[in-house]
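Work through these exercises with the model open beside you. Try each task before reading its solution.

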Amino acid sequence: MTNVIEIQNLRKSFGSHEVLRDVNFNVKKGEVVCLIGSSGSGKSTLLRCINLLEKPSGGNIIYKGENILDKKHNIEKYRTHLGMVFQQFNLFNNLDVLNNCVVGQQKVLKRNKQESTDKAMKFLEVVGMAQYKNAKPRQLSGGQKQRVAIARALAMDPDVMLFDEPTSALDPEMVGEVLKVIRLLAEQGNTMLIVTHEMEFAREVADRIVFMDQGVIVEEGQPEHVLVNPKHERTKEFLKRTLR
């Protein structure tokens, strides 16, 4: 499997506070990688650096063999290859469900109305939200909004889906419906990088789990190695607190 994204010696500081320190890892085509770790360990910052919502302080981000931090690289074009799903959905409240999934395709990818609509409906079907196409975000539950946000990201045909704690803003009974959709995407072979606190879910869907602590990668490997038989004390401590 080829690397879609490769992170080399990535660093990020906010003032004197170093959030990411010399992070190295990659995501291969068709792979599901889950980032775990306690709050403040740098997981979300890493995700935001990968799609350049935060500018890294140093290091390289290699996408399909090219360093996207080179001055000459077109950041907007690079971003179209990444689907981002946020904690807080980030839907356009003035647009209905269908148009939330259409507008980015038309503006960014320059697709025509018909193609954009067909693509949007295809992915609204996938996430089980097609019947709500005329609803406004305020008429939807948190779980429904997040499923629309996933459909919107998929409609852009990204190479990699990035999920930043996609269930953390949801009521417990809505978590399951969103995780079910992400499971389906994993089964379909989508390349995904997921920041999550849901350990059982990570164990089920991840090809690889990356444990972060204080801005560094402490341990990574297959779920049964990291979650069941961790090598590092810090990983063991974290799992003792989070796994009942």
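**Exercise 1. Find the angle at which α5 and α6 pack, and list the residues that make the contact.**

Step 1. In this predicted model, α5 and α6 pack at an angle of about 20 degrees, and their axes are 8 Å apart. Axes are lines fitted to C-alpha atoms, for helices over the stretch in contact, and angles run from 0 to 180 degrees between N-to-C directions. Helices (H or I, at least four residues) and strands (E, at least two) are DSSP runs, numbered from the N terminus.

Step 2. Classify the angle. Under 35 degrees counts as roughly parallel, over 145 as roughly antiparallel, 65 to 115 as roughly perpendicular, and the rest as oblique. α5 and α6 are therefore roughly parallel to each other.

Step 3. Assign the hand. α5 passes α6 in a right-handed crossing. A crossing is right-handed if the near helix is turned clockwise from the far one by less than a right angle, and left-handed if anticlockwise.

Step 4. List the contact, meaning heavy atoms within 4.5 Å. α5 supplies G142, G143, Q144, Q146, R147, I150 and L154. α6 supplies M174, E177, V178, V181, I182 and L185.

Ground rules: residues are numbered from 1 along each chain as its sequence is written, and side-chain values use heavy atoms, with hydrogens and water left out. Because the model is predicted, local features need pLDDT of at least 70 and side-chain atom pairs count only at pLDDT 80 or more, while totals for chains, interfaces and linings use all residues.

**Exercise 2. Describe how α3 and α5 cross.**

Step 1. The axes of α3 (residues 97-108) and α5 (residues 142-154) come within 8 Å and cross at roughly 30 degrees. That makes α3 roughly parallel to α5.

Step 2. The crossing of α3 past α5 is right-handed.

Step 3. On the α3 side, V97, N100 and C101 meet V148, A151 and R152 of α5. C101 is buried, at 1% relative accessible area. Buried means under 20% relative accessible area, exposed over 50%, and partly exposed in between (1.4 Å probe, protein chains only).

**Exercise 3. Which residues have the most contacts inside the largest nonpolar core?**

Step 1. Set the rule. A nonpolar core is a set of buried Ala, Val, Leu, Ile, Met, Phe, Trp, Tyr and Cys residues joined through side-chain atoms within 4.5 Å.

Step 2. The largest such core has 50 residues, and I150, F163 and M192 have the most contacts inside it. Helix α6 (residues 172-187) gives the largest share, eight residues.

Step 3. Another core lies apart from it, with 28 residues, including L10, I68, L162 and L193.

Step 4. Look around M192. Beyond four places in sequence, M192 is in contact with E31, V32, V33, M161, F163, I182, L185 and A186.

**Exercise 4. How many disulfides are there, and is C34 buried or exposed?**

Step 1. Apply the cut-off: a disulfide is a pair of cysteine sulfur atoms within 2.5 Å. The count comes to zero.

Step 2. Check C34. Its nearest cysteine sulfur, that of C49, is 19 Å away.

Step 3. C34 is buried, with a relative accessible area of 0%.
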